[in-house]
Amino acid sequence: MVFWRQVGQQLCRVPKTASDIGLTQSRRYMTFSRTRTIGTTTQLRSTLAVHRSLQSSWQGYSAARRSFSVTAQAAHGHITPPKPGEEINITFIDKDGNKVDLQVAEGDNLLDIAQANDLEMEGACGGSCACSTCHVIVEDPDMFDRMEEPSDDENDMLDLAFGLTETSRLGCQVLMTKDLDGLVVRLPSMTRNLQASDFEAK
Amino acid sequence: MRLNGAFVCAQCTARTAYRPLRHESFVSRFIFPRRFNSYVAQTGRPVRVAIVGSGPAGFYAAYRLLGKREDAVVDMYEKLPVPFGLARYGVAPDHPEVKNCEDKFTEVATSSRFNFVGNIDLGNDLPLSALKPHYDAILFAYGAAKDKELGIPGEQALKNVHSARAFVGWYNGLPEHRDLDPDLTSGEDAVIVGQGNVALDVARILLSDVDALRKTDIADYALEKLATSRIKRVRVVGRRGPLQAAFTIKEVREMLQLPGVSFDPIPKDVFPPDDVVSALPRAQKRLMQLLAKGSANDPQQASRSWSLDFLLAPDSLCWAPEYPYRLSHAKFSRNELDPSDPHSPSSKVFPKYLSSGKRAQVNLPTSVFFRSVGYKSLPLPGLDDLGIDFDIRRGIIPNDGFGRVTSLSGKGAPEELPDGSLISTLPGLYCAGWVKRGPTGVIASTMTDAFTTADTLAQDLANRVDSQSLLHAPEQGSGLGWDGVKAEAERRGLRPTSWQDWLRIDAAEKERGQQKGKPRSKLGRVEEMLEVLD
């Protein structure tokens, strides 16, 4: 049964009109925001194990066919799955206020976790603490105090972050530890509120 | 992996975990394919968007747009045969981590809905009006092609006086400044006017140990020249005080930690009083504290030094009477901060006078002089054919802040702002990056800005129900994109470069670099780049 369901799902991807054909190539790379889901719950995980393996082998095949850009294989968004019993809970709140609960392994950083889980977080410098695009805000000040102090380099980049708060951190510099179980971080809203003064000649 | 309206790399795709969609059953997936696209179905053709410029603003806008619209096809036009703009030619060679954004851009370019069209200087080689019939929207992200001048006597001298922009382009291998050939051997002093990050980049390159630069992708000819440099002392001079300086703390800290380079302590009296500093916002407070602390390097041990000189306005440049071709010193007039508001980042300065009534002046010895007082965008020739009135004074394309090009003279469609006032926008025309905001900010700010513009464009497309073109009326416009423009380009004898061409140039540069132990050795001339392809 599971097999036939998979076959059905793959059939959905077959182009239906002539004009679609030109686009199928890229559909594996570009996705729509409509397809977004919020939060994976743990109880679903086991039932989906088969799905996942089938799905990933299919996608692995299609990716292999077109992955000629070797330079782009930067280490981003690739995390280690947590061992059973050693999961650390973390919650992301995106800029629309949606909560995403995740279970992650020790040692992964927040940028990789976010990118691996479809959250809208950029890492323009590839996680090397040279930009401020992975800015996150720790919701609980106590949790912030429990983290290691940010380095001077991180603080220097945070100084340039949009919407800096007292409990801001760079996602690429926060490594998950057991101490941080239950961490809640918010992704800052990047939209600028336009003022009438923005249109005056300066 | 499914990113939220974003872009996915091949490696990620392979690792994706399946997740069920809410309100979606097995059956409904069959009946309503979720990737059904109304626009393609209606007219059977993609939305064609031209992006002018291939720097961070252009690429981040393309990335966002391709993620938001499945039927968008982006053609990116670039003057040079190679992409990446200031990420390649502006970011200092010793900041390779900042260039990591190129990895993302390369990912974007691997999309089949992205075309790179290099080596076409729009406005000069090919008029902008040749693009218009074939596109549904045009997005300008061509940045700032010039820099601001000081307007002081001697500035136009052919030798020993340079714009920092040209110097940066020269050491980064920009073809435009390949032949700058700065003279770094006629003396030991350099003066840089302006206190932004570009000024600090220039100072750092002048003071860095050449062996440290050897491992970077700095231009080979620049390395040779810097190896012979006699410059020992660099002054970075600003018109206002430390609180008003434009540089960011990361670059200052890097300068203060430069091995073998000492820093002249800043006189205490130019800093705001301690109680003012402690009440400053975090970023400014940390910068003031860092500047006051200075460098730990011992001046006795250091062979080179630098200083930040505040409250000095450039007055003129003076040549040695006995050697008319040798710059001897730069004359500066002293300023003082506006006494009514001396401790704000936007404080003004007034000229300082001596008791005799004369301007207080000071001469700083210098053998090479750089101006670094900001970049400036220029209008592309032919912008007015599209109805755009470039704002020369502010150096930007007038826009509504969201990226829609606006008209000052009342052309275009009126739009109501949140505060109730009306502005008129020119449909189908957008801008992003420095040509939209002015030449300030780091890559992160350009990214945010380009995302805003791309979101606006996507939203405008979604709001346009009768047609997918923003530039044209329904049924108008060829929708051919580059395929339509190509014929005209060929007729003019142009030789456009594709992304594949860039990959070949890229490989050639990396191979050249490998022989020299560098990550890359850039080809310094357009002809050399094209030679690789022929």
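Predicted model: local features only at pLDDT ≥ 70, side-chain atom pairs only at ≥ 80, totals over all residues.
Chain A has 202 residues, of which 29% count as buried. Its secondary structure comprises 7 helices and 5 strands. Along the sequence these elements follow the order α-α-α-α-β-β-α-β-α-α-β-β. Among contacts between residues at least 6 apart in sequence, 68% join residues at least 24 apart.

Chain B has 534 residues, and 49% of them are buried. It contains 18 helices and 19 strands. For contacts in chain B between residues at least 6 apart in sequence, 75% link residues at least 24 apart.

Two sets of residues in chain B carry a "binding site" annotation from unreviewed UniProt records. One set consists of Ala57(B), Glu78(B), Leu86(B), Leu122(B), Trp434(B), Gly441(B), Val442(B) and Ile443(B), according to the UniProt annotation. These residues span 387 residues in sequence, and the farthest two C-alpha atoms are 25.8 Å apart, so they do not all gather at one spot.

Two members of this set were examined individually. Ala57(B) sits in helix H4 of chain B, residues 56-68. It has 30 other C-beta atoms within 10 Å and is therefore buried, the cut-off being 20 or more. Beyond its neighbours within four places in sequence, Ala57(B) contacts Ala141(B), Gly143(B), Ala432(B), Gly433(B), Trp434(B), Thr446(B), Asp449(B) and Ala450(B). Trp434(B) belongs to helix H14, residues 434-437 of chain B. It counts as buried because 29 C-beta neighbours lie inside 10 Å. With residues up to four places away in sequence left out, Trp434(B) touches Ala57(B), Gly143(B), Ala144(B), Tyr375(B), Ser377(B) and Pro439(B).

The crossing is left-handed. From H4(B), the contact involves Pro56(B), Phe59(B), Ala62(B), Tyr63(B) and Leu66(B). From H6(B), it involves Cys101(B), Lys104(B), Phe105(B) and Val108(B). By class, the contact between H4(B) and H6(B) has 8 nonpolar residues, no polar residues and 1 charged residue.

H6(B) is mostly covered, with 9 of its 9 residues buried. Charged residues are among them, including Glu102(B), Asp103(B), Lys104(B) and Glu107(B). The cover over the buried residues of H6(B) includes helices H4, H5 (85-89), H15 (443-463) and H17 (499-516) and strand E3 (114-117) of chain B.

The other annotated set comprises Gln195(B), Gly196(B), Asn197(B), Val198(B), Arg239(B), Arg240(B), Glu251(B) and Gly441(B), again under the UniProt label "binding site" from an unreviewed entry.

Val198(B) is located in helix H8, residues 197-207 of chain B. It is buried, having 27 other C-beta atoms within 10 Å. Its contacts, not counting residues up to four places away in sequence, are Ala164(B), Val168(B) and Ser372(B). Arg240(B) occupies the loop between strand E8 (233-237) and helix H11 (249-256) of chain B. Arg240(B) also counts as buried, with 22 C-beta neighbours inside 10 Å. Under the exclusion of residues up to four places away in sequence, Arg240(B) touches Phe310(B), Leu311(B), Leu337(B), Ser347(B) and Val349(B).

Methods: Residues numbered from 1 in each chain as written. Chains lettered and ligands numbered in written order. UniProt positions renumbered as here; feature names shortened; annotations may be inferred. Helix = DSSP H or I, 4+ residues; strand = E, 2+ residues; numbered from the N terminus. Buried ≥ 20, exposed ≤ 12 C-beta atoms within 10 Å, placed from the backbone. Contact = placed C-beta atoms within 7 Å. Left-handed = near helix turned anticlockwise from the far one by under 90°.
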